[in-house]
Amino acid sequence: MEERKETLVELKHIHKEFPGVKVLEDISVAFYPGEVHVLLGENGAGKSTIIKIISGIYQPDKGEVLIEGQPGAKNIREAQQRGISVIHQELSVIEDLKVYENVFLGREEKKSGFLNKEKMIAECKRILDEMDVAIDPRSPVYKLSNGEKQMVEIARAVSQNSKLVIMDEPTSSLSDHEVQSLFRVIRQLKKDNVAVIYISHRLKEILEMGDMLTVLRDGMKIATVPVSTVTEQKMVEMMVGREISQFYYKAKAPENKELVLEVKNLCSKNHFKNVSFQLYKGEVLGVAGLIGAGRTELMRAIFGADSYDSGEVFLYGESLKGLQPKEIIKKGMGLIPEDRRGQGLLLEKTVRENTSLASLKENSHSGFIDFSWEKREAISYIDKLRIKTPSDSAIIKNLSGGNQQKVVIAKWLLAKSKILIMDEPTRGIDVNAKAEIYELMKNFVEEGGSIILVSSELPEVLGCSNRIMVMREGYVTGFLDSAEATEENVMLFASKGNEEVVYE
Amino acid sequence: MNKKNGGISKVLKGENTMLLFAVALFAVCLLFVPRFATGGNIKNILIQISINALIACGMTFTILSDGIDLSVGSVAAIAGVAGASLIKTMPNASVPMSILIILLTSLVIGTVCGALNGFCIAKLNVPPFIATMAMMNVARGLAYVFTDAKPVFGLPESFGFIGLRELGIIPVSVILMGFIIFLSYIILTKTCYGRYIYAVGSNKEVAKLTGINVDQVRFSVYVISGILSALAGLVLASKLQNGQATAAVGYELNAIAAVAMGGTSMSGGRGGIPQTVIGLIVIGIINNALSLLGVSAYWQTVAMGVIILIAVVIDQARK
């Protein structure tokens, strides 16, 4: 390869160890200005550790970091001052502050000692306009969607005139439209000769945006190659170290249509309007749409977690009006929420306690917990779902995302749920665990269960669903069966002002 | 974790840190505090912590559910006043009659006060701190109004059974404490309800989406705390042989100190009765030892403040 310009950040033979685990072994990689460098690897491969070393949070045990030829940053503040900004996977905006206050946090513009709000608002608006996102700088952040919050973080990084912007799965909570805005921003950054380190599990995005690709596995570098030389298949193989024959698992559509769930004209003022659909035994119904289409709110309403204004939900022909999740769970429904850590799991509790929580009462003896039942079932599900955990008594927050999600699934399987609502079930989960979750879903419907799969990842919806319902701004805009379901068709219904509502 | 405080927090992370501390404290007192190591003194310590123990058990329930109950002292006072007034009308009451009056008054007053707290918190979404602070003022005020701020004296001798008598060599109040501690422990560790309290305290949204009736759990812990506080107030009245509106002032802080001291998380979900018991014992030993060493009551108050602070620092370091 030809000699390129000066490196911006260079890692030389980096080693890093935590008590008992080698997280990085002899990593050498260079990042250049004006280049999008993708880090790819399963969870636990060492991507986050590399970021933390570059941004000064960790120091390497061996090896050296060079930033513009000088020794690396000793702490996060120094890294920031030297032009490195990180957009973390977990949102780190302050909800109670306004958009512009977040963007300028710690670097407020002042005029004779007082805050110069006008200047900050104007500057913030300019940045947001440049990014082509319609967010009011004066809006409090808690009012924004997750995708918009992500945009605010990106705006903050952009406003710092950074030399290196690190994005750790920036698109995991973005809709496709928002992803496109993000890509525009990244292209702009490239033009301004900024280096970008980009972490994502979405292979399509990598092909679209990446220039260079470094694949990591178990703390070691597998290869650094130009993105133009790889394919999706090739990337997966490099990542997992073996060939993956089939990734998505789609069960056969059920032959007899046995109605299990029917939603009729469901309305909720600011979230969704006049939603009607049917769910049959043994099928996966995909629900596609952009972020903010009202899908999560709809699912919470069906599950009884939030109230709705009008319309009705029937489960096995019985109305669910006015019922709480407690009663609806008893009738056989389970919800796997979008926010796994905040709504799906008791993070400080054990794998065992999380697994049993939804079926504790049914298996108790006059209110007393049956501890031997609890342990037996927990161990049996750890085994059946191949949950990687040191024991059933391990605290769940120490497990990887994929294994945490399997525990949430185990909770509902143990509670004998027949209908699972899965809201973004594979967000932030590595490729292997994803494939295992798809397999679980397939087995679940083949045994007579039904799944509503809400996902913003189109390949996932297309690959797993027997039918797809598309939503836009709270309305159902179309149903597609397997044969009609292509990315183009889904996007058509999800984004265009298509007034013709299609029913089967 | 950076290297500087790695060593300290490693020690503090041990689950049994407070237990070790309690044992060490006990050993030091045995060796260095005169008259500490006598059967009579140990009994004294147990009697001294018995009233706080009842309140602290209830407080453990509310704090585990990610709440707090500041009204415990006032509820104790109003229950003591009500029970004393009631028993005063029966000058010849037998011991069983006195016990019945004490239990009934605790149940009624405690349930009413606790249910009001629980209703405001679970149904009206008032923050627990505010709701129970309101009850703290209302109950205390009502106690003054009912008694015209005068103590209720002249109670039948049988009323002192729980607070003053002994069964064999064990004071009745200590037996009651043991029973309530045991019962609370069983409820919190062995029943579904107990598990639900931990779940609600860890994360209300997760609990709700898993089918737990969060409102019911949050409501009920305040009823439990109310009943145990009222019971504590009556034991106190029984011990002092009078009911007064000024009784049990500041008891909420003693109870919170015991709970926090043992390592129960102030943000709910972690901890339990064993931790509270350790906290009670440590506080009991410290107060007792300081008294025996002739330290003034004022300095004892200072010591209590420092203890609470240390407890919270430990809690933070554990995270």
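Colleague: How far apart do the centres of domain 1 and domain 3 of chain A lie?
Modeller: Their C-alpha centres are 35 Å apart. Chain A is divided into domain 1 (9-240), domain 2 (247-332 + 418-504) and domain 3 (347-416), with bounds that come from an automatic or database domain assignment.

Colleague: What kind of model is this, and how do the labels work?
Modeller: This is a predicted model, where local features need pLDDT of at least 70, side-chain atom pairs count only at pLDDT 80 or more, and totals for chains, interfaces and linings use all residues. Residues are numbered from 1 along each chain as its sequence is written, while chains are lettered from A and ligands numbered from 1 in the order in which they are written.

Colleague: Got it. Where is A:Thr350 found?
Modeller: A:Thr350 is in the loop between helix H11 (340-344) and helix H12 (351-356) of chain A; helices (H or I, at least four residues) and strands (E, at least two) are DSSP runs, numbered from the N terminus. Leaving aside neighbours within four places in sequence, A:Thr350 is in contact with A:Asp392, A:Ser393, A:Ala394, A:Ile395 and A:Ile396. Contact is when C-beta atoms, placed from the backbone, lie within 7 Å.

Colleague: And why is A:Thr350 called partly exposed?
Modeller: Because A:Thr350 has 18 other C-beta atoms within 10 Å. A residue is buried if 20 or more other C-beta atoms lie within 10 Å of its own, exposed if 12 or fewer, and partly exposed in between, with C-beta atoms placed from the backbone.

Colleague: Switching to sheets: in what order do the six strands of the open sheet in chain A run?
Modeller: The order is E18-E19-E20-E15-E21-E22, and the pairing is mixed. Two strands pair if DSSP finds at least two bridges between them. Strand E18 (333-336) and strand E22 (475-481) of chain A are at the edges with a single partner strand each, so one side of each has no neighbour in the sheet.

Colleague: What sense do E18(A) and E19(A) pair in, parallel or antiparallel?
Modeller: Parallel, over four bridges, with strand E19 covering residues 419-423 of chain A. In E19(A), A:Leu420 is the bridge partner of A:Gly334.

Colleague: Now the core. How many residues does the largest nonpolar core have?
Modeller: It has 247 residues, and those with the most contacts inside it are B:Leu54 and B:Ala76. The largest share, 16 residues, comes from helix H11 (residues 214-240) of chain B. A nonpolar core here is a set of buried Ala, Val, Leu, Ile, Met, Phe, Trp, Tyr and Cys residues joined through C-beta atoms within 7 Å.

Colleague: What does B:Leu54 contact?
Modeller: Leaving aside neighbours within four places in sequence, B:Leu54 is in contact with B:Met177, B:Ile180, B:Leu228, B:Leu231, B:Ala232 and B:Val235.

Colleague: Last one: how many residues of chain B are in contact with chain A?
Modeller: 18 residues of chain B are in contact with 21 residues of chain A. H9(B) gives the most to the side of chain B that touches chain A, with five residues.

Key: Contact = placed C-beta atoms within 7 Å.
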